[in-house]
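Please read them alongside the sequence and the coordinates.

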Amino acid sequence: VLFRSDMPRAVSLKAADRHARTFWNEVYVYALRAAAIAIVGAVSAITVLYAYSIFYDREALLTDAFRCVNEALDDYGLDHWLVNGTLLGAVRLKHFVLWDTEVDFALLLDRLKDAKPVIGHIQSTCSHLHIDRVTSTHDDVALTSDEVTQESTTPGSWQMCSGRVCVMLYEYLKAGEQLVSANGFQAASTALPTARCTISGVSAMCPNDDEFFLNGAYGSNWKTERLTTLFK
């Protein structure tokens, strides 16, 4: 039983109790929000760091393979230039495209059967790449025959792969003022003389008319099209 004199104190205690419960409810809600934000922040940070490490690991891998093969081709003394995704990266980004898993070179040969010694030179020079798969669009027997001529055999391509990166070599032959490749004939002036360019800090050779090659590989919108669309 409450006396009249006790009623204000009881009301005050009830009000204090309500305020206390409200305060701790608010603390609980804010704590939950803070925990959720912390979890989202941690997940985001881990995701960004993982993507960052994947990107720079891929970039380092491609750069290492590219530098070694580029130097091996320079040493061999054959005209060569960038094509496809590697050329796109050099012209548009100045570094390799994240979604590309290959480095791409065009190789100007005197004869198609000259390609095999070039492949051997790359393998010996770049042994640290651990290239364990070499495939070609050519028939091996035809390429080792002394009867192979540029008239009787169509230029093709070579793929050299390790466990994590591949190198593509696309063959070209010169016939007068024309270049011959698996894609047919084109003016030699589209590629020659080659022009100095840079990709991921490595000096390389680009074709004389890079737009001609990139239009052929990716269409006329290669300068503005989303890279994820170009590499579908």
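1. Arginine 133 counts as partly exposed because its relative accessibility is 42%; the classes used throughout are buried for under 20% relative accessible area, exposed for over 50%, and partly exposed in between (1.4 Å probe, protein chains only). Arginine 133 forms a salt bridge with aspartate 132, with 3.3 Å between the closest N and O atoms. A salt bridge here is a side-chain nitrogen of Lys or Arg within 4 Å of a carboxyl oxygen of Asp or Glu. Aspartate 132, at 54% relative accessibility, counts as exposed.

2. On provenance: this is a predicted model, in which local features need pLDDT of at least 70 and side-chain atom pairs count only at pLDDT 80 or more, while totals for chains, interfaces and linings use all residues. Residues are numbered from 1 along each chain as its sequence is written, and side-chain values use heavy atoms, with hydrogens and water left out.

3. How many salt bridges does a search of the whole structure find? The search finds 3. Besides the pair in point 1, glutamate 211 and lysine 223 meet through their side chains at 3.0 Å, N to O. Helices (H or I, at least four residues) and strands (E, at least two) are DSSP runs, numbered from the N terminus. Glutamate 211 is partly exposed, at 35% relative accessible area, and lysine 223 is also partly exposed, at 48%.

4. Aspartate 114 forms a salt bridge with arginine 111, and their closest N and O atoms are 2.9 Å apart. Aspartate 114 is buried, with a relative accessible area of 18%, whereas arginine 111 is partly exposed at 43%.

5. The whole structure contains 3 disulfides, a disulfide being a pair of cysteine sulfur atoms within 2.5 Å. With the bonded cysteines numbered in sequence order, the pairing is 1-2, 3-4, 5-6.

6. Cysteine 68 and cysteine 126 form a disulfide with their sulfur atoms 2.1 Å apart. The link is left-handed, with -110 degrees about the S-S bond. Cysteine 68 lies in helix 1 and cysteine 126 in the loop between helix 3 (115-125) and strand 3 (133-136), so the pair ties together parts that are 58 residues apart in sequence. Cysteine 68 is buried at 8% relative accessible area, and cysteine 126 is buried at 1%.

7. Cysteine 161 is joined to cysteine 166 by a disulfide, S to S 2.0 Å. This link is right-handed, with 110 degrees about the S-S bond, and both cysteines are buried.

8. The disulfide of cysteine 197 and cysteine 206 has an S to S distance of 2.1 Å. With 85 degrees about the S-S bond, this link is right-handed. Cysteine 197 counts as buried at 14% relative accessibility, as does cysteine 206 at 5%.

9. In helix 2 (residues 84-93), the buried residues are Gly85, Thr86, Leu87, Leu88, Gly89 and Ala90. Lysine 94 follows helix 2 and has a positive phi, near 70 degrees.

10. Valine 29 lies in helix 1 (residues 7-76) and, at 36% relative accessibility, counts as partly exposed.
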